[in-house]
Each structure stands twice: as C-alpha cells, then as structure tokens.
Amino acid sequence: MAKITLDGLRHSYMPDPKGPQDYALKSLDVEWQDGGAYALLGPSGCGKSTLLNIISGLLVPSQGRVLFDGRDVTALPPDRRNIAQVFQFPVIYDTMSVFDNLAFPLRNRGIEESRVTSRVHEIAEMLELTSMLKMRAANLSPDNKQKISMGRGLVREDVNVIMFDEPLTVIDPHLKWKLRSKLKELHQKVGVTMIYVTHDQTEALTFADQVVVMQEGEVVQIGTPVELFERPAHTFVGHFIGSPGMNVLPAELRDGAAWFAGHRIELEGPITPGEGRHEIGIRPEHVSLAEAGLPGRVRKVMDMGRYWIVEAIVEGSDKTRVAAMVQSDPTAVGDAVHLAFRPDQTRLYRDGRIATTRQGGNA
Ligand SMILES: Nc1ncnc2c1ncn2[C@@H]1O[C@H](COP(=O)(O)OP(=O)(O)OP(=O)(O)O)[C@@H](O)[C@H]1O
C-alpha cells in the first residue's frame, strides 16, 4: 500500500497544445492517503479515465509527476506499479473455476500454494463466493462475475491501490446497492487504498470517505460526502451533487452586499475581495415558503412522496427559477409566494468558486 501523490499533473492528447482548452487534465495536485476510500466523480469527458490511466501507468502525462510513497514512478510501466484494476466489464477466465480465477494473480506471482488456498478462501468468504469456488466462471450471473473481478484485485496483498472504473455498469439496478455496500465493507476489512471512478453521485457518496470531484479536466473539490453537500466549494459541485442540485442565481455586488433580482440577500459571512462573475448558491433544502422573503410566483410543484419541490420565479428576475424543498402541503401553480433563504446556508460564488467566509469560520 502507498500514499499516491499527483504533482503538477497536466495532460494533452494533442502534440502541440496551445491553451487550457487543449488539455484533458489542466493542472492537478492531489494526494491520495494510504488506505483511503476515494471516489473520483465527474460527468462524462471530464478526464476521469485519463487520470486513472496516468496513475496505472498506461499513459505518461505531458507534465508533472506521479509518486508512490514519495518515489517517482512517472516513467514506470503498469506491471511495475503493483496496481489492481477492476473495469466496467468483468475480466475473468470463463473456462476456469472461480477458485482458479481468484488464485491466478497469486500463482502468477509465485506465491506458494498453501498461502494461495488460504487467501482465496478468505477473499471468497468476504465476497460470498465460497459456495461457488468449484463452479466454472462461465456459468455465473454478471454480478457474480464482477465479484470475481473484484476478488482478483482484492486477493493480492502487494497492491498499492485498487482502482474501480465504473464497476457496476453491467449490474442490475436492484443488485447495485448490494455490491456497493459490499465494497465499502471490504474496504474496511482489507484497508487497501481504493479509487472508485464513477459519474453517479449515489455510488460515489455511499462508497467513499473522500470524494474528488472533477469538471473539465480540473479537480474542483475534494471532501467528505457531507462537506460536498453542506458547503460546495464550487457551483458545479453544488449543482452536480444533490437532487435537485443547488440553486445558482445570478448576483451583483453593490454597497458591499450581494443582490439578486433587485433584492439584497443575506449571506453566511463576509465576501472575500475580488472581481468576476458572481452567483448566489443555496440548496433547495434551505429555501422555505414564508410570510416574508423574496416575492415570487409558483411555476411547478412536484410531489416527491415525503416532501414537495416547489419551483418559483422571483419577481424582478429574468425568469430565474428557484427550487424550494418543503415539508408541508404546498401551494399550487400560479400562486404568489415568498421565498426565505437560510442566511447561514447562503453563499456567494465568484467565477464558480466560493467567495464567502463563514461567520467565525474559515473560507
Ligand atoms: N485517446 C484519446 N485521444 C484523444 N482525446 C482523448 C483520448 N481519450 C480521451 N480523450 C479526450 O480527453 C477528455 C477526457 O476524457 P476521459 O475519457 O478521460 O474522460 P472521462 O471522464 O473518463 O469520460 P467517460 O466517463 O466518458 O469515460 C475528453 O475530452 C476526451 O474526448
């Protein structure tokens, strides 16, 4: 196992990149602690696979270094990095038994047979594959095949990191949550550094202790699921995580305060100095329908079972919709309402990045 450091990483697939737009990875400095459970979360095309391939050694970055426990491995090929990878589709030998599939990575490394047997049984037990050890892998269901793929990574005791690249893609929806919680449990048992790549927020948030959120070749925030939800450092994180995502409202700064649609908005704390495009961010969970607040008109009401999502257009705004999550019987489309924002949950963003400091706290 190892701490993995990405130092000043940039990557372009073009021979002669001209500007940031030509880079699949723009500039990355990330430290993955030994034994951590990480998710790498972002939409399609944001650079997740590029980053994974650089860590595994399939791709040499245009600039920057990859360090394992401080040792520069940037030029080392994949087979010298001791990394296990689990892909979208199960990679197994159909003609072999489940036991032999799990034993393969160990036998390949010359591990003595008694150790192979005990380790295979240990991992099969964790994955609930014990009763299938003698069966031919070809006869198993897709989720069991994917479990074998995972087992082939987990069985090795010499790995620096196990990387999962969208591993639940081929799994039936009702089995996904089962495998996901299994993986989390396995991480706690084996303690190997794991990086789980996904574009699915539920998968990322349930698996990881730390989530690395990427957008357009950049890491926009690294944090615990709670941190990402409660205080997004970037509007992209606020919008991408949560259902529905954070309200992002156009804002202007005047007299040292933030204004939206002609209304002064109270923020969580002081605004950091700087210039740029300003937006106010507040999650629907912290917007309520009240006696006083921003005047607006309801455009949509969605019954979510245990709560309602009300979307209203604020008077004086250019048709900007604000979503509120309400617990009590809501109003109907066309009603006049007042929207109240919880000040300690209302933040200012400048060019996408958080630009308020918390009252009595840090940025
Ligand atoms: N071999 C390649 N040659 C040229 N451009 C590439 C290559 N691989 C990826 N790209 C580009 O680099 C950018 C990042 O792609 P990457 O596959 O790393 O993203 P991703 O987040 O893994 O997406 P997905 O979830 O769809 O796999 C994209 O703009 C993509 O088109």
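Two residues are in contact if their C-beta atoms, placed from the backbone, lie within 7 Å. On that basis, among contacts in the protein chain between residues at least 6 apart in sequence, 66% join residues at least 24 apart. The model is a predicted one, in which local features need pLDDT of at least 70 and side-chain atom pairs count only at pLDDT 80 or more, whereas totals for chains, interfaces and linings use all residues. Residue numbers start from 1 along each chain, as its sequence is written.

**Overall architecture**

- The C-alpha trace of the protein chain spans about 75 × 50 × 40 Å along its principal axes.
- The domain assignment gives domain 1 (4-230) and domain 2 (243-354); such bounds come from an automatic or database domain assignment.
- The centres of domain 1 and domain 2, taken over C-alpha atoms, are separated by 39 Å.
- The secondary structure of the protein chain comprises eight helices and 20 strands. Helices (H or I, at least four residues) and strands (E, at least two) are DSSP runs numbered from the N terminus.
- Of the 363 residues of the protein chain, 39% count as buried. A residue is buried if 20 or more other C-beta atoms lie within 10 Å of its own, exposed if 12 or fewer, and partly exposed in between, with C-beta atoms placed from the backbone.

- Strand β9 (residues 210-215) is mostly covered, with five of its six residues buried.
- Two strands are taken to pair if DSSP finds at least two bridges between them.
- Strand β3 (residues 37-41) pairs with β9 in the parallel sense over four bridges, and L40 stands opposite V212 in β9.
- Strand β10 (residues 218-223) pairs with β9 in the antiparallel sense over five bridges; the bridge partner of Q215 is E218 in β10.
- β9 and β10 form a hairpin with two residues between them, and E216 in the turn has a positive phi of about 40°.

**Helix α3**

- Helix α3 (residues 113-127) has 15 residues and reaches 21 Å from its first C-alpha to its last, close to the 21 Å expected at 1.5 Å a residue. The expected span is 1.5 Å times one less than the number of residues in the helix.
- The buried residues of α3 are V116, V120, I123, A124 and L127. They lie on the same side of α3 because they cover an arc of only 100° around the axis; the arc is that of the directions from the helix axis to the C-beta atoms.
- The cover over these buried residues includes α2 (98-108), α4 (142-154) and α5 (173-190).
- The exposed residues S114, R115, S118 and E125 are on the face of α3 turned away from its buried side.
- E128 follows α3 and has a positive phi, near 60°.

**Proline 173**

- P173 is found in helix α5, and P173 is exposed, with 7 other C-beta atoms within 10 Å.
- P173 and P295 are 122 residues apart along the chain, and 42 Å separate their C-alpha atoms.

**The six-stranded sheet**

- Six strands form an open sheet in the order β13-β12-β11-β14-β19-β20, with antiparallel pairing. Its edge strands are β13 (263-265) and β20 (353-354), each of which pairs on one side only.
- Strand β14 (residues 278-282) and strand β19 (residues 347-350) pair in the antiparallel sense over four bridges; H278 stands opposite R350 in β19.
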